[in-house]
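Hi everyone, thanks for coming. Let me put the structure up, and then we can walk through it together.

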Amino acid sequence: MAETTLDTPAETHRPRRIKWEAIGDHIILILGALLMMLPPLLALTTASHDAVTIHREGLQLTLGDDLGKNFRAAMFERGGFTQTVDGMLMLMNSFILGIGFAVGKIVISMMAAYAIVYFRLRFATLAFWVIFTTLLLPLEVRILPSYEAIQKLGLTNTYTGLIVPLIASATGTFFFRQFFMSVPEELAEAARIDGAGPWKFFVDILIPLSKTMIAAIFIIMFVFGWNQYLWPTLITTDESFFTLVRGIKQIVLSYTDSQIPEHGQALALAIVAMIPPVLVVVFFQNWFVKGLTESDK
Amino acid sequence: MAQVTLEGIRKVYPNGFQAVQTTSFTIQDGEFVVLVGPSGCGKSTLLRMIAGLEDITEGVLKIGDRVVNDVDPADRDIAMVFQNYALYPHMTVRKNIGYGLKNRGAPTAEIDAKVEDAAKMLNLSEYLDRKPAQLSGGQRQRVAMGRAVVRDPALFLFDEPLSNLDAKLRNQMRIEIKALQRRLRTTAVYVTHDQVEAMTMADRIIVLIQGRIEQIGTPSEIYHNPASTFVASFMGAPPMNLIEAEVDQQSVRINGFGNQIQAPQSFDGPVTLGIRPEDVEMDEQGQVVFHVDILEELGAHRLLHGRLANQPFSVMLGKDDAAQIGETKINLKPEALRLFDRKTGLRL
């Protein structure tokens with residue numbers, strides 16, 4: 001209200017000063033945003049053309065007529081050598097892998113951190129650093145022995161084989177350890193006097209307190225699992241275990257010489273593959289911010 | 001309700017540090033005992049050993065007739081209030097208070113009733129559905145109290161529960177805690193470094209220093225008859241004046257002031273003379289000269305700080321007594337004089 005009364009006619013005649021700095025800032029921001037937006041946009045527009053056009057003319061900047069067709073084909077037409085897998089199945093596989101990864105890693109690393117922080121273990125610090133140094137050894141370094149172990153256990157072409165060997169997480173253990181160490185010791189002591197055993201303290205107190213940490217790690221680990229390529233390629237040969245990330249590749253490889261690769265379908269699938277991680281980030285971000293602002297003392 | 005007995009309790013940490021030297025004492029049923037001492041004197045360690053949060057290196061601890069050395073804290077029938085309250089931040093006040101009962105498998109209806117009762121007793125009824133973060137410091141303190149009283153334990157343990165509150169609230173909570181304990185007649189052990197809390201709340205005070213008990217007694221005994229110069233200077237604000245003097249048979253001689261002061265007991269040799277600041281009279285014909293440097297106006301009374309025979313000395317006067325900076329003559333009340341061994345600091 002006060003603002004409007006200040007805007008007297010006399011004031012309106014005075015030209016507003018142009019803030020060149022602000023304009024410069026915004027140009028940079030807009031360019032940055034466009035740069036980030038362009039690849040997905042291009043994927044969307046190109047996905048709306050048929051394979052022949054794309055093969056002949058490359059990426060398309062305009063919307064074509066085949067968007068629906070390409071999406072439908074990508075999601076529901078069975079493909080691959082064995083004609084057993086469609087986009088929906090791949091989407092489900094990706095979810096199983098992503099969620100399995102995230103949940104598995106959170107459970108394992110929370111329990112590991114709990115043991116390290118709250119129990120007087122012999123060599124607890126050493127154990128922690130041993131876990132921590134595995135950060136320096138990514139999957140690729142140990143991929144052959146891991147494969148051999150899984151193969152000997154007969155776990156190739158199973159979800160167990162896909163998920164379990166990768167769910168030990170040094171990153172997760174580290175984050176939870178740091179968080180648990182910041183929880184006041186008196187809380188554990190109060191719970192002890194209140195008759196809560198180790199398990200009850202973990203479930204009733206620590207897990208609820210870790211909500212925001214769990215959300216953060218879920219985001220990281222879900223995206224990590226979702227984007228896995230090398231390990232699934234190695235461990236699953238059965239096409240019914242294909243994930244979206246692998247499916248895209250499979251479409252681009254033309255199966256027979258006479259066929260043009262279905263670029264439109266591949267891009268449609270790529271867009272589908274992009275959506276869930278984005279949604280996870282957007283959804284859990286709310287928790288994130290809430291957890292950070294509503295500080296529980 | 002229970003009597004607590006410590007028989008030769010000792011605590012040595014794995015690194016060899018002896019936090020509590022061999023101590024024995026008994027806390028009577030329904031008694032409010034305050035452990036007081038400077039930081040690092042072992043008072044918290046002693047309390048945590050009673051709670052079961054710290055192992056007992058040596059000795060026997062009994063709550064009631066039961067030896068509880070190896071009993072889990074949950075099964076000792078105790079409740080503890082922590083300095084930072086240690087409320088569960090994600091639980092409502094109701095759940096915070098009821099958590100201990102729930103873990104013991106009490107029926108929901110019983111938990112609800114008991115929580116309501118405790119909340120009413122502590123004026124928390126309208127806050128039952130709030131989270132700790134939405135409460136003020138005093139209210140959080142009350143929730144912590146509620147968590148303790150709701151279980152109706154045999155023993156309350158308080159670990160500096162008022163240190164996080166501002167001065168005014170601290171005074172108020174001090175009275176509330178004391179009143180609550182009086183009403184419930186539950187044995188209580190209270191740890192503090194604040195001698196005012198100790199004096200006002202305790203039935204008996206245990207003064208600790210460097211892991212050993214210096215003195216056990218009622219607040220009045222501790223105040224009027226401190227067992228050592230340490231207790232004399234630690235308890236009371238301002239502390240007892242301690243000045244060097246000689247005793248020659250029946251008379252006390254402070255450097256340069258003749259032999260006019262009658263000694264409270266016969267002794268020969270150098271002593272530390274103790275006298276509370278309020279046990280001094282202004283008197284123009286007084287025996288000793290007191291040089292006033294600073295005058296502190298406290299409303300109800302005045303504090304004069306200065307030097308007596310070149311040693312620091314304080315005098316407390318009523319609000320109506322005249323006082324000014326500079327030299328003045330005073331009398332030390334003979335019956336209030338306390339003599340301490342100059343070397344060991346122990347009461348003679």
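Let's start in helix α3 (residues 108-121) of chain B, where K114(B) and E110(B) both sit, 4 residues apart, or about one turn of the helix. Helices here are DSSP runs of H or I with at least four residues, strands are E runs of at least two, and both are numbered from the N terminus. As a reminder, an α-helix has 3.6 residues a turn, so residues three or four places apart point the same way. K114(B) and E110(B) form a salt bridge, with their closest N and O atoms 3.2 Å apart. By salt bridge I mean a side-chain nitrogen of Lys or Arg within 4 Å of a carboxyl oxygen of Asp or Glu.

Before I go on, a word on where this comes from. This is a predicted model, in which local features need pLDDT of at least 70 and side-chain atom pairs count only at pLDDT 80 or more, while totals for chains, interfaces and linings use all residues. Residues are numbered from 1 along each chain as its sequence is written, chains are lettered from A and ligands numbered from 1 in the order in which they are written, and side-chain values use heavy atoms, leaving out hydrogens and water.

Back to our pair: are these two buried or exposed, or in between? K114(B) is partly exposed at 32% relative accessible area, and E110(B) is partly exposed too, at 34%. Buried means under 20% relative accessible area, exposed means over 50%, and partly exposed is in between, with a 1.4 Å probe and protein chains only.

Now for a second bridge in chain B: the side chains of E176(B) and R142(B) meet at 3.1 Å, N to O. This pair links distant parts of the chain, with E176(B) in helix α5 (residues 167-184) and R142(B) in helix α4, 34 residues apart. E176(B) is partly exposed at 29%, whereas R142(B) counts as buried at 13%.

Which bridge joins two chains? That is D194(A) with R151(B), at 3.3 Å from N to O. D194(A) lies in the loop between α11 (185-193) and α12 (198-209) of chain A, and R151(B) in the loop between α4 (137-149) and β7 (155-159) of chain B, so the pair joins two chains. D194(A) is buried at 2%, and R151(B) is buried at 12%. There is also a salt-bridge network linking E189(A), R48(B) and E54(B). Over all chains, the salt bridge count comes to 18.

A few words on chain B as a whole. Chain B has 8 helices and 18 strands, and its C-alpha trace spans about 75 × 45 × 35 Å along the principal axes. Of its 348 residues, 53% are buried.

Finally, let's visit chain A. Helix α13 (residues 211-226) of chain A holds K211(A), which is partly exposed at 44%. How far apart are the end C-alpha atoms of α13(A)? They are 22 Å apart, which agrees with the 22 Å that its 16 residues should span at 1.5 Å a residue; the expected span is 1.5 Å times one less than the number of residues.

Last stop: W20(A) is in helix α3 (residues 20-46) of chain A, and W20(A) is exposed at 63%. Thanks, and I'm happy to take questions!
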